[in-house]
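Here are my notes on this model, written as numbered points. Please keep the viewer open as you go through them.

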Amino acid sequence: MQKLKNYIYNQWVEGTGEGNQLYNSVNGEKVAIADTEGINFEQALDFGRTVGYKNLSSMTFYDRGEMLKKMALYLLERKKKYYEISYKTGATHTDSWVDIEGGFGTFFTYSGLAKRMLPNTPFWVDGDTQKISANGTFLGTHILTPSEGVSVQINAYNFPVWGMLEKLSTSLLAGVPSIVKPATPTSYLTHAVFEDMIASGILPEGAIQLICGSAGNMLEFMKDGDSVLFTGSASTGKKLKSMPSIAQNSVRFNMEADSLNCSILGLDAKPGTPEFDLFIKEVRNEMTTKSGQKCTAIRRIIVPENLIGDVQNALIKSLDQVKIGNPLNRETRMGALAGKDQFKEVSEKINLLKTETELIYDGKQDLIDANYESGSFMSPKLFYNDQPFNKNISHDVEAFGPVSTIMPYKDAEEAAALAKRGKGSLVGSIISHDEKFVAETSWKMATTHGRIFVLNRDNAKESTGHGSPLPTLMHGGPGRAGGGEEMGGLNGLHFFLQKTAIQGSPDILTAITKIYQQGATQKFSDKHPFRKYFEEVEIGDSLETAGRTVTEADIVNFSNVSWDHFYAHTDSTSLNGTIFDKTVAHGYFILSAAAGLFVSGKKGPVIANYGLENASFFKPVYAGDTITVYLTAKEKINKGVKGRNIPSGVVKWLVEVVNQRDEIVCVATILTLVAKKSQFLELNVRNIQKKLNALTENSQPKWGIMTPQNMLEHLEDFLQFSVGEKHMECRTKDEEQLEKLRDWLYKEKPISRDLKFEGLPENENASLRYKNLDEAKEKFMKSLKSYLVYYRENPLVEHTHPLFCKIGKEMWELFHRKHFTHHFEQFDILND
C-alpha cells in the first residue's frame, strides 16, 4: 500500500508518523496512507515566498499562460491513469470527466485568456491613464503586480483534480507560488496528478508544493502578502479566517463554502412543456452527479404549489431509473460517497431533516457489482417541506449527498423569497420560458447568489447545466457560501495581485508601464515603423506624415462611396443651430485619410489591420483644412499562433490627427498584426548570393556527408519540383499525417539534422550533374530567380512535393526558407 509523499522545498518527503488510512469508496479496501508528520511547515512557506516567488513573478503573464497550456497538454496525454484511480473515490466515468478534464480545461481557458488579453510583462496595467494636471505633464494610472507571498490552497474531497487546478490556474497565472492541501480522503488522486506536474519539468522551482494529510500548524506561520483559498464547510472556514496569524497579518482569505442552492420551476412550466421535462432532468442530474457531493448541487426544489404532485411523481420516477453501483460497470450512473466518514455525516444530516420535513422518497436500488456494507453507497433521498416559510430546517441544514427537498411557492415574490432564505448560495437556477417571471425573480434573488442560471427550450442544447462553474464566470457566493470569488475570467487573478497607483510625467509612465502615454517623447527615424518586425518595434517609435488638404470633392465622394448622406456632410442649408459652420468631413473619412497618410505601401512585416479602439473626434474638419498624422507605437501584445498562421504579435498604434493650426481633430488607437522575425532565410536573391560567395570547394559540412556542390544541386532539385520542371510522386499517403506535416511548415521549427531524404542514395552522395561548384552556383541562382518569377506570374498554381504532396505558393515558400536555412547552416554560411 502506497504511503503518499509530500512535495516540500523541491523534494519528495515522506511523513514520519503512522498517518491516516485512505480507503476505496467502492469496496472499502485500503488505498494509501497520508501523513505529514515531521514536515517543517514554516520552512515550506518560506521556500515558496523566496524561491517560488522569485521564479514565478519574474515571468511575464504571457509566458505563464504558455506554461499553463503546456501543463494541460502534458496531463491530458496521461489522463487514462487518472481515470483508473478516480473510480476508487466513488466517481463514475462522467463524474471523473468533469473532475479531470474539467480541471485541464480550466488551465486551457486561462492560457487562452493570457495570450489574448494579458501583456508580455511581469506586471499588468489596469485601466486607463488619468490626466491629473491642466497641461498633461502629470499623469496617473494603476499597475498590478504579483502579491509577494505564498498561497495556501485548501481543497475539498469531492473534486480532487478540478479543485486543485481551478485554484492553481489563477495563482500560477498571477505569478504567485502555491502550497496545495487536498482533502485527505481523496488526496491519492490529487497526488497522482501533482506527481506528473512535477515530473513534467514545466513549472519553475518552488512554484507549487503539496501536502497530503493534516496541515498541522502551517497557518500559524502566515504573513502579510500570503493568501489562503479555502473550499469546505462554512464553519471550518470561519474558524480559519479568524486565526490571529490570518486576521492580524492582513492575510488575504477567499472562502468557497457549501450552500443550499435552489432551483425554481416557473409558473408557466406545466407538465407537457419542455421546461417541465428540463427541470426534472436537471434536478435528477444534480442530485446524482458525484452522488450529490457538489457544492453547487440543488438542495432546495422550489415548485409552484399547484404542481407539487406532478413534480414529485415525475422526479421519483426519474430517480428510480438511476442505476447505482461500481463505477467500473458501464450500466452504473451513480457511484459512491467519498468514504464511510462522509456517509456517516450525510446520514446525520438526513436525520436532522426528518425532524421537520417528510421523507417522501428513500430509494432502495439494488447495487451493481457492489454492496452497501463494504462500499459507501447511498440511494437518493427526497424530502417535502409543506411550510417552507415556517419550517426552516430545509434552509439551514445541508446533507452533502444525493439529498434534496421539494417546497411550494405561490408567485414570483415568494419564489425569490424562498431562494434568499438559503442565506447565500453559490448558484440558483430558474427554469421557465416566461421572460417576465424570470426577470422579476432573478433580480430579486441576485443579492444572495453568486450565479443565476436560467434554462429553457431556447438554450437547453448548449447549456452547461446548473452545477457547472465555468472559468470565465465567477464561482462563489455571498453569505453562507463564503463571500468569496474564484475564477471569473481575468477577475480571478486580482485576488493574487497588488494594485498600485503610479504617478509621474508622460515619459516616466511610459517607461514604467511599457505603454506610450500621450505627451511622452516620440522616436522618429528614417525607417517607416511599418517596415519593422514585431521584435524590432519599440514603444514610442513614431512617424510624422505629410499633410493632406481636404476638398469638397473628398466629402462628396466619400458620401457617395459610403452611402453616408447625413445632412451635416451634404446639406449646407440645414446647419443653422448646429455646431457646424459649413458641410463637414465625415469622421470615418478623416480616419481613412489618416490611414492613407501613415501606411507603407510596400509589402513588409505588417500583415493586416487587427482592430480599432477608442476613436474620438474633437474638432470638425472642413474643406480647405489640412490634416497631418502622428503615428506612435503605443503597446505591444505577444500573440500565440494557432494552425497555419504566421508567427506574429499585435502592435497598438496611437493615431493623432491634427489640422493646420496644430489642433487635435481626431485620436484613435489602431491595432496591426505584425509578423515576427523568422529564424529562416528570406528568399532574397542578393542576400542568398552573398552567402553563397562564402561557399567553396573546401567547405566542410557540420553534419552529414554532402559536398558543397551536392548540397546546391539538392536545393535546385526542390526549386524545380516547386515549379513543375521536375516531378516526384508524393510518398505521404496517410491524410492525418499529411495535415500534420503541412502544419509543421508554419511552425518555427527547423528541419532536424537527423532527417534523411528518401530520394538520396544511402550512405553516399548523389552523382553530380555540373562540372564544378561555380557552375552549380550559377544554375542554382538561375533556378531561384525562375522560381520567384514563376509564382509572381502564377500565384494560384500548385505542384507536388515528395512529402507535402500538392502545395501552392505559400507552402512552397515556407519549405524553401526552412530548407535553405538547414543546408546553409550545415555548411556554416548562414550568417555570412
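**Notes on pockets, sheets and cavities**

1. The largest pocket holds about 1,800 Å³ of space. Of the 46 residues that line the largest pocket, the closest to its centre are I646, A675, E813, L814 and R817. A pocket here is an open set of points on a 1 Å grid over the protein atoms alone, with protein on both sides within 12 Å along at least five of seven lines, and lining residues have an atom within 4 Å of a point. Volumes are the space filled by probe spheres set on the points, with grid points joined across faces, edges and corners.

2. A word on the basis of these notes: this is a predicted model, in which local features need pLDDT of at least 70 and side-chain atom pairs count only at pLDDT 80 or more, while totals for chains, interfaces and linings use all residues. Residues are numbered from 1 along each chain as its sequence is written, and side-chain values use heavy atoms, with hydrogens and water left out.

3. Which helix gives the most to the lining of the largest pocket? Helix 23 does, with six residues. Helix 2 (61-76), strand 26 (606-617), helix 21 (735-746), helix 22 (773-793) and helix 23 (809-826) each supply at least two residues of that lining. Helices (H or I, at least four residues) and strands (E, at least two) are DSSP runs, numbered from the N terminus. By class, the lining of the largest pocket divides into 18 nonpolar, six polar and 22 charged residues. In this scheme Ala, Val, Leu, Ile, Met, Phe, Trp, Tyr, Cys and Pro count as nonpolar, Asp, Glu, Lys and Arg as charged, and the others, Gly among them, as polar.

4. Now for the cavities, which are sets of grid points where a 1.4 Å probe fits but cannot get out. Five cavities of 30 Å³ or more are counted by this rule. The largest cavity has about 60 Å³ of space, and its lining consists of L260, R299, L353, S394, V397, E398, A399, V403, S404 and T405. Strand 17 (residues 403-409) provides the largest share of that lining, three residues. The classes there are five nonpolar, three polar and two charged.

5. The second largest cavity has about 50 Å³ of space. Among the residues that line it are T89, D95, Y157, K290 and Q293. Its lining has four nonpolar, five polar and two charged residues.

6. Please look next at the open sheet of three strands in the order 1-5-4, where the pairing is mixed. Strand 1 (2-4) and strand 4 (20-23) are its edge strands, each pairing on one side only. Two strands pair if DSSP finds at least two bridges between them. The twist averages 35° from one strand to the next; axes are lines fitted to C-alpha atoms, for helices over the stretch in contact, and angles run from 0 to 180 degrees between N-to-C directions. Helix 6 (residues 187-200) packs on this sheet and touches strand 1, strand 4 and strand 5, with its direction at about 75° to that of strand 1. Contact means heavy atoms within 4.5 Å.

7. Within that sheet, strand 4 and strand 5 (residues 30-34) pair in the antiparallel sense over four bridges. L22 has A32 of strand 5 as its bridge partner, and Q21 stands opposite I33 in strand 5. The two strands, strand 4 and strand 5, form a hairpin with six residues between them, and G28 in the turn has a positive phi of about 80°.

8. Another open sheet has three strands in the order 6-7-22, with antiparallel pairing. Its edge strands are strand 6 (124-131) and strand 22 (497-504), and the twist averages 20° from one strand to the next. Strand 7 (residues 139-146) pairs with strand 22 over eight bridges, and P146 stands opposite L497 in strand 22.

9. Finally, the annotations. UniProt lists "domain: Aldehyde dehydrogenase" (unreviewed entry) at residues 12-499, a span that is 35% helix and 21% strand. UniProt also lists "domain: MaoC-like" (unreviewed entry) at residues 538-639, where the chain is 26% helix and 30% strand and the end C-alpha atoms are 16 Å apart. UniProt positions are in the numbering used here, feature names are shortened, and annotations may be inferred rather than shown by experiment.
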